[in-house]
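Thanks for coming. Please look at the screen.

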Amino acid sequence: MPRPQAPPILETRALGRRFGGLQAVRDVSLTLQVGELHGVIGPNGAGKSTLTNLLSGDLAPTSGTIHLDGRDVTQTSVWRRAGLGIGRSYQRTNIFPALTALENVRLAAQASSRGSVLQAAEARRDLFDAAAGRLDRVGLGWARERLASALSHGAQRQLEIAMALATGPKVLLLDEPLAGMGSEESAEMAGLIRSLAADHAVLLIEHDMDAVFRIADRLTVMVDGAVLASGTPAEIRTSAEVQRAYLGGHA
């Protein structure tokens with residue numbers, strides 16, 4: 001559960017993004033805390049993935065601000081934000097299929113360490129040890145020498161999370177990590193995500209409503225680019241406003 005009275009590690013204030021005449025995200029204010037799993041749900045086109053791209057730096061906002069650990073990072077690059085503690089996964093798995101699982105995670109760790117490709121042997125060993133630890137953390141210790149392309153879809157999603165963990169993040173942004181999984185893989189991934197919230201702030205975008213209501217500490221509902229409601233899963237489940245929005249044709 002969230003740590004009591006912890007200051008937010010990530011905070012947005014009236015965040016917005018416009019694409020020409022389309023306001024994809026408008027006036028979104030939310031906070032993330034270490035120790036909390038914050039789910040963001042809503043119909044297709046609600047602005048969820050755009051919000052994630054704004055938080056990670058893949059997109060620049062047209063209004064509002066983003067603060068990470070008290071620092072204004074609104075105009076900070078995606079690479080700089082990663083160095084400051086934001087890790088993420090994407091809707092489409094973003095791995096190196098021709099490399100082993102261990103090499104994938106080692107490259108992520110090396111990128112975050114700003115190390116040269118031509119490193120001392122001891123530094124390289126440290127990177128491989130760190131990569132092996134991240135694979136163990138996500139349950140992929142058995143796959144260290146497997147080619148990423150040979151892994152199942154679920155294992156590839158686990159690998160992507162291991163790569164994000166290798167950068168040493170404080171905040172994890174997970175964009176539909178359960179998509180395309182069977183029930184067994186989905187349950188395993190949900191358990192992993194829940195465990196990651198023990199020492200990270202996790203923002204989870206997910207369409208699997210059963211999973212997200214089961215594992216989230218807090219939920220934000222987005223419709224038409226704006227926040228419709230935010231609260232505990234129990235509050236969101238019984239919200240007349242949320243029910244009207246979905247029954248009214250948004251879902």
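A residue counts as buried under 20% relative accessible area, exposed over 50%, and partly exposed in between, with a 1.4 Å probe and protein chains only. Helices are DSSP runs of H or I with at least four residues, strands are runs of E with at least two, and both are numbered from the N terminus.

This is a predicted model, where local features need pLDDT of at least 70, side-chain atom pairs count only at pLDDT 80 or more, and totals for chains, interfaces and linings use all residues. Residues are numbered from 1 along each chain as its sequence is written, and side-chain values use heavy atoms, leaving out hydrogens and water.

Start with helix α1. The buried residues there are Lys48, Thr50, Leu51, Thr52, Asn53, Leu54, Leu55 and Ser56. Why is helix α1 described as largely enclosed by the rest of the structure? Because 8 of its 9 residues, in the run 48-56, are buried. After α1 comes Gly57, with a positive phi near 100 degrees.

Now the whole protein chain. It has 9 helices and 10 strands, and 49% of its 251 residues count as buried. Its C-alpha trace spans about 60 × 40 × 40 Å along the principal axes.

On contacts, meaning heavy atoms within 4.5 Å: of those in the protein chain with a separation of 6 or more, 68% are between residues 24 or more positions apart.

Last, the surface. The protein chain exposes about 11,700 Å², with 52% of it supplied by carbon and sulfur atoms; such areas come from the Shrake-Rupley method with a 1.4 Å probe, and for residues only the protein chains shown count as cover.
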